[in-house]
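Hi,

Here is the structure we discussed. Please take a look, then read the notes below.

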Amino acid sequence: MSETPLASLPKPAPTEGHPLLEVRKLRKFFPTRAHTFGLRRQWVRAVDEVSFALERGKTLALVGESGCGKSTVGRSILRLVEPTGGEILLDGAHIEALSERRLRPLRRRMQVVFQDPFSSLNPRLTVYEILAEPIRNFGLAQGREAERARIARLLEAVRLPRDALSRRPHEFSGGQRQRIGIARALAPDPELLVCDEAVAALDVSVKAQILNLLADLQESLGLAVLFISHDLAVVEHLAHRIAVMYLGRIVEEAPNEALFAAPHHPYTRALLSAVPVPDPFAPRRRIVLKGDVPSPLHPPPGCHFHTRCPYAVARCREEVPKLRSVGPGHVSACHFDIPLAS
Ligand code: SF4
């Protein structure tokens, strides 16, 4: 539960009938460098037909190894990179092809927290100026008094002391800088928060504090959070739903409890087997995957995971497994139902 007076920050108005964010068959391909000597340009298939929905007040975690395309999904939604194809709907409205001018008012509604707050905070500005910038850009406070009051509430919400306002980013620890980054993201009252590896650079204890803060903010403000992480352990206590990505595709998506209790896809099981458990004597089997993640320039045919999957058979090399229902709200892209104990 929240320890701060978050009720003073405005909550987004609920909308009936559709999720806040809907992503349909999103694709993002990056061209390789310009071709020479008549060689054809090739494409890195960073994101390939990714679909999901995110409800208001919920957290969806997008999890996978480095290079699986999860950050590109987040950047495509925020239109920091242009999608190659597919649809992105914010509050029921298509935003995938909007011009920058028409996108601008919507940018207020979706904000981002990056992994490295230091590089994303202007070192020459004080915390007050950093927080005032989005408020002024979007015209959200009438006069200096209203601006000051709004900034004071933001500071309280992320549990930073009042005297932080006159200081600059280099005067803070990594965890405090991430709090400043979160306050800046909250400044324009967003409805969607994309957290891209937001705690990956922090020490264990600081990481836990920031995760608790994000959970409190999400619950108190009714935010929709897309939490991108390479670490399943990090999302366990935060996410309502978890989507696992491998080589540009979602291979499994499920409610949090179902994914941890009964993972279906062999890749998810391997990731979960590496998550530390509180009881070191609890029986468990670590699944070590052979080989590296293949290049997204030349993804393996059929099931992308077949080069590393201990259960792969001929069919896996030829036929792309579709996401299919394996439980309530639980889908998995594997041809087979492999018993959990195997
Ligand atoms: Fe493994 Fe085949 Fe399932 Fe892919 S479809 S996860 S290769 S068993």
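**Notes on the model**

Asp189 lies in the loop between α6 (174–186) and β7 (192–196). Helices (H or I, at least four residues) and strands (E, at least two) are DSSP runs, numbered from the N terminus. Phi of Asp189 is near 55 degrees, a positive value in a residue other than glycine. Asp189 counts as partly exposed because its relative accessibility is 21%; buried means under 20% relative accessible area, exposed over 50%, and partly exposed in between (1.4 Å probe, protein chains only).

This is a predicted model: local features need pLDDT of at least 70, side-chain atom pairs count only at pLDDT 80 or more, and totals for chains, interfaces and linings use all residues. Residues are numbered from 1 along each chain as its sequence is written, and side-chain values use heavy atoms, with hydrogens and water left out.

**Ligand site**

The ligand sits in the largest cavity. A cavity here is a set of points, on a 1 Å grid over the protein atoms alone, where a 1.4 Å probe fits but cannot get out. Sitting in it means that more than half of the molecule's atoms lie within 2 Å of its grid points. Residues around the ligand include His265, Pro266, Cys303, Phe305, His306, Cys309, Cys334 and His335; each has a heavy atom within 4 Å of it. By class, the shell has nine nonpolar, three polar and no charged residues. Ala, Val, Leu, Ile, Met, Phe, Trp, Tyr, Cys and Pro count as nonpolar, Asp, Glu, Lys and Arg as charged, and the others, Gly among them, as polar.

α5 (residues 143–157) has 15 residues. Its end C-alpha atoms are 22 Å apart, close to the 21 Å expected, where the expected span is 1.5 Å times one less than the number of residues. Buried in α5 are Glu147, Arg150, Ile151, Ala152, Leu154, Leu155 and Ala157. These pack against α4 (127–137), α6 and α7 (204–221), with contact meaning heavy atoms within 4.5 Å. Just after α5 comes Arg159, with a positive phi of about 60 degrees. Arg159 is not a glycine, and at 26% relative accessibility it counts as partly exposed.

In α4, the buried residues include Val127, Tyr128, Ile130 and Leu131. The buried residues of α4 pack against α5 and α6. Gly139 follows α4, and its phi is positive, near 60 degrees.

α7 has 18 residues and should span 26 Å, which agrees with the 26 Å between its end C-alpha atoms. Its buried residues, among them Lys207, Asp216 and Gln218, pack against β3 (59–63), α5, α6, β7, β8 (224–229) and α8 (232–235).

Ala185 lies in α6. Ala185 is buried, at 1% relative accessible area. Beyond four places in sequence, it touches Gln111, Val112, Val113, Pro190 and Leu193. Its C-alpha is 9.3 Å from that of Arg108, 77 residues away along the chain.

Glu197 is in the loop between β7 and α7. Glu197 is also buried, with a relative accessible area of 12%. Leaving aside neighbours within four places, Glu197 contacts Lys70, Gln115, Ile228, Ser229 and His230.

Best regards

Definitions and conventions:
1 Å grid on protein atoms, 1.4 Å probe; cavity = no way out; pocket = protein on both sides within 12 Å on 5 of 7 lines; lining within 4 Å.
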